[in-house]
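Trainee: I am new to this structure. Can we go through it in short questions and answers?

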Amino acid sequence: MKKLLVYFLMMWAALACAVVPQGSVLTARPGESLRLLNPMLSAGDIPNTGAWRMTRARAVPVADPAPKLGSHALRFEGESQINSGKGDFVLVSGLRGELTAVGLWVHTVDALVGRARLPEAERTLRAVLHGAPDVEPGEALQAAVLLENPTNAPRRLHVTYRLGSNPEWIEPDIPHPVHGLNRVGGCTSWVVVNGERIDDGSLTDGSPFTGLDRRINDPGYTEAFHYVDLGASRRITHLQYRAGDANWIWNLDIAASQDGESFAPVPGLQNLDLHKKWGEQNLSVPTPFKARFIRLRYHKQGESLNFLRLPQQLRVFEGVRDEDFAFAELGPALREGTLELEVPAGAFVWAALPVVKIDPGAYLMEARVEGDGFRQILSRSHFTLPRILETLPDDSRFGMNASSFDFFDINRRLGVGWIRFENMKWQMFSNAPDHFAFDGSIAPWHVRHDVFVEEYHKRGMQVLPYTFQVPAWSTSAPADVTRNRHSWPPNDYADYGEAIYQLAARYGSRAVPEDTLRTPDKTTGLGQISVFQLWNEPNLVGPTWAPWVGSMAQYYELFRQGAEGVKRADPGARVAHAGYAGIGVSLVNELRTHTYADGKTPLDFTDLITVHYYSGRQDPEVATRDPNANRSGRPIEGMPTFPERIRELTDWRNRHAPDKEVWITETGYDVGGPIGLGEREQAMKLPRVTLLLLAAGVDKVFIYRESGSTESMHAGAGLARNDHSLRPAYFTYATLIREFEGVGPGRALRLLTDNPDVWVYLWQRNGKPLLTAWTVTGTAELDFGAGEVTDSFSAKTTVAAGERVTLTPFPRYVALETLPAEWQRRAEAAQAREAARQARMARDQERQVYLFDFGGREFVGTLTLGDVRTFTPVLHDDLYDADKGHGFQPAAMLNEDKHWIPGPLNRDSVRFRNGQTFRFNVDPGRYRLELSAAPMGERETLTLNVDGEQIAIHVVPDTPREATTIGLEIELAEAQTLILGVEGMAHIHWLTLVEVE
């Protein structure tokens, strides 16, 4: 490999003329041109970095050589895989005018300057605020204002600046210097298609990531209308929208109305072609128009469409006539002042602001530039880097999913003690039978596993590999399968066992006999890895993309081979099964119910229970759906919430595997994409979901993932962006890690208040009470007593008894010497609630239940009632037998499986018709019967024969052919056989009969 190093100084600039050689064409300064100045090239300011056949392409701030302007120079570097490898570093984007000349003088690079010809409309002043986004605590924050003047006359400008705290990390809505403020935020918007009104406010909710996405069944639609109520009549001068799926947007007509009834087309904004125009689109208004209501008509010249995928955001502007251009002033000011500056014609001025030493926290720098009819507000967020943890605890509860070789120090600075390595894939260290290599020699990936593991090991961090993806030489995929071949089971499961043996033999704590090693260097017993996770999310279904194209029974066979391979190499190492997508107890319960031929179960080979959880766009406190585990549908009303389900999982562990830890090896929040919102939501939810997990008794939590900001599923979940700049979530998570130094394992008590939107947990930290508190939405004020409050960005304040603390969706950490009496009473009430819950679980465990899951034996549901109860699978040809106690008589028609329906209970079913009955024996008692059935037509009637009487059950779902759940109570004086029949034809998915208390 060749390492390519290039040094650029801070500026692409209209530097002092002395920098530019005399006689150069760039020395001329015609009035219609401007020497372009690139933004200050501090870390995080590079618009884009890419590479071709080069790894680790990046820009790194360095101290030498000294920059001409600003506080940093940058080193651009990468490791070329071939002689012609290339790094692409875009230093500036959106240049104004027509670039006419570029000059480069070498120091290493002393100056890079350019000249552009600007059209008359673009010869306007411009101001840009610069500064390092991340600062060491106690060090100076350096910032500067760049003022460009492409006009033919000098301009005198007045700059007012303010640096203030920003504890909730709010990015203020900044007026555009020409168009003004967006006037549509928070307004009502809705959609009308085929006469149906859809109250979807995603166009005006302020989020650039939400948009209406719906399938319109036959006959489809030819036009759809988006309506916006601006709340008042406005004189509209400019429009802007952000496209969602621009593949499904074609033509747009815009109309205006004052009363919401009569709409008139807006001249110049008709039949706009927006097909495949992605991202933000400016809709120039030829002539300003007045409107209270705006209507956007989407169409394709009368052609019928089936997918309704509309824009994600609309912005409406009125100009700057009435704007006051005031500062947001979100928190107390640390420094403020003014500057008077003169900018020569066709030149620029770089004005450094006074430096300020800042304590831990989040900050907002604002600047207002005014003069000669020009006004502009600027703002920029700044964060203090987290305090360096001198040592990491051996029992660290925090981990990160990682693969990059650029983040060793960034992850160490974050403070996570564990790294879940994404690229310890089987095919990446074995390219032929009995050949294994971990030095980067396996093509085409060339992953240097040894380097990755060693770099983290020497930093005191532990690596958790998860090993999946079958090599080409071992896959059982048929020859005609071209996609996802590496996710098929191996031809011989023993191949996987051997691969895991070689992995554990190398990195485990015990040296193995040399003649068992299949690596060229015969290295063994490095003592660098103590836990091995075997595969990833095998319960996801999708032959072209899922990590496992096989049944769970096949996975358990593979898992045992791998687990035995680990123990054969290093008996002291721990084995984790594949992290399951979702936290449902039903799948985890299979670890103890699935039986091998010798009578053992997967739980016998498992040391750690590992699952994954994502709440997506839902708040974790109330989420009912995991969009990673169930990739269709919406949150379900009435279903258990995430906190309830994770507590069910740790209850299961406490009952059936108390010696095993529960690790969440993936959780996180995308920014953008189909399941994500913005960076602010990521920053506030990431510590909250982790606190909920730890409070339920989870032992370790791994965040997905270290980097990535691409707006697609999971690719936008990074705590760092694609350019390696740090997101706010990096800092809120670092705060959580530091505040939990000294907090032991085990569950925490939730202390209730009068406001159900407030979440407060009580922990013990080094023998003293620690409260974590936040709101799901909005704000609240509580008196916690005298103590120290730390916000989500590590800023600390001291509060006195009686002083109220403002809570927001960003968690606060309240350290107390003792728990005040009021909070002690709440803690005792929480303990009583938990004792009552445990008693109720014990009673529920004694209740009689009859559970039947129809249609297959592979996907069988469970019901948690005291303990996990497994449904009895029933197929269409399972005939009734008095000894067995259940079955069809005669056989039903057929089994059906709708694989796209999430969950084991509703995906499969048995179809039966008039004359076919399902019978089951029931002991005396009072029961609640529930069943899920779907009619073959618009309506069917099921019949239940109880005590010789027919009970009619009408099945009329909201949507024909979809399942509906029906419930009724029955009381049996003596044991009998209940008979379920149908008048007509229907599907039955599941049936439960649960004894009533």
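What follows is a talk about salt bridges, a sheet and helix packing in this predicted model.

Trainee: How many salt bridges does the count come to?
Mentor: Side chains of opposite charge can pair when their charged atoms come close. A pair counts here when a Lys or Arg side-chain nitrogen is within 4 Å of a carboxyl oxygen of Asp or Glu. By this rule the count comes to 56 salt bridges.

Trainee: Asp-598 and Arg-560 meet in a salt bridge. How many residues apart in sequence are the parts that this pair ties together?
Mentor: The N to O distance of Asp-598 and Arg-560 is 2.7 Å. Asp-598 lies in the loop between helix 6 and strand 34, while Arg-560 lies in helix 5, so the parts tied together are apart in sequence by 38 residues.

Trainee: Where does Arg-911 lie?
Mentor: Arg-911 meets Glu-896 in a salt bridge of 2.5 Å, N to O. Glu-896 is buried, with a relative accessible area of 18%. Arg-911 counts as buried at 18% relative accessibility. Glu-896 sits in strand 50, so the pair ties together parts 15 residues apart in sequence, and Arg-911 lies in strand 51.

Trainee: Which strands stand at the edges of the open sheet of 5 strands?
Mentor: Strands of a sheet pair through backbone hydrogen bonds. The order here is 10-28-27-13-24, with mixed pairing. An edge strand has a single partner strand, so one side of each is left without a neighbour in the sheet; the two are strand 10 and strand 24.

Trainee: Which residue in strand 28 does Ala-362 stand opposite?
Mentor: Strand 27 covers residues 362–371 and strand 28 covers residues 374–384. The two pair in the antiparallel sense over 10 bridges. Opposite Ala-362 stands Phe-383.

Trainee: Why is helix 8 called roughly parallel to helix 9?
Mentor: Two packed helices are described by the angle between their axes and the distance between the axes. The axes of helix 8 and helix 9 are 8 Å apart, and the crossing is right-handed. Angles under 35 degrees count as roughly parallel. Helix 8 is roughly parallel to helix 9 because the two pack at an angle of about 25°.

Trainee: Which residues in helix 9 meet helix 8?
Mentor: Helix 8 brings residues including Glu-679, Leu-686 and Leu-691 to the contact. On the side of helix 9, the residues are Pro-728, Ala-729, Thr-732, Tyr-733 and Leu-736.

Trainee: What covers the buried residues of helix 6?
Mentor: The buried residues of helix 6 are Val-585, Ser-586, Leu-587, Val-588, Asn-589 and Leu-591. What covers them includes helix 5, helix 7, strand 33, strand 34, strand 46 and strand 47.

Definitions and conventions
Residues are numbered from 1 along each chain as its sequence is written. This is a predicted model: local features need pLDDT of at least 70, side-chain atom pairs count only at pLDDT 80 or more; totals for chains, interfaces and linings use all residues. Side-chain values use heavy atoms; hydrogens and water are left out. Helices (H or I, at least four residues) and strands (E, at least two) are DSSP runs, numbered from the N terminus. Buried means under 20% relative accessible area, exposed over 50%, partly exposed in between (1.4 Å probe, protein chains only). Two strands pair if DSSP finds at least two bridges between them. Axes are lines fitted to C-alpha atoms, for helices over the stretch in contact, and angles run from 0 to 180 degrees between N-to-C directions. Angles under 35 degrees count as roughly parallel, over 145 as roughly antiparallel, 65 to 115 as roughly perpendicular and the rest as oblique. A crossing is left-handed if the near helix is turned anticlockwise from the far one by less than a right angle, and right-handed if clockwise. Contact means heavy atoms within 4.5 Å.
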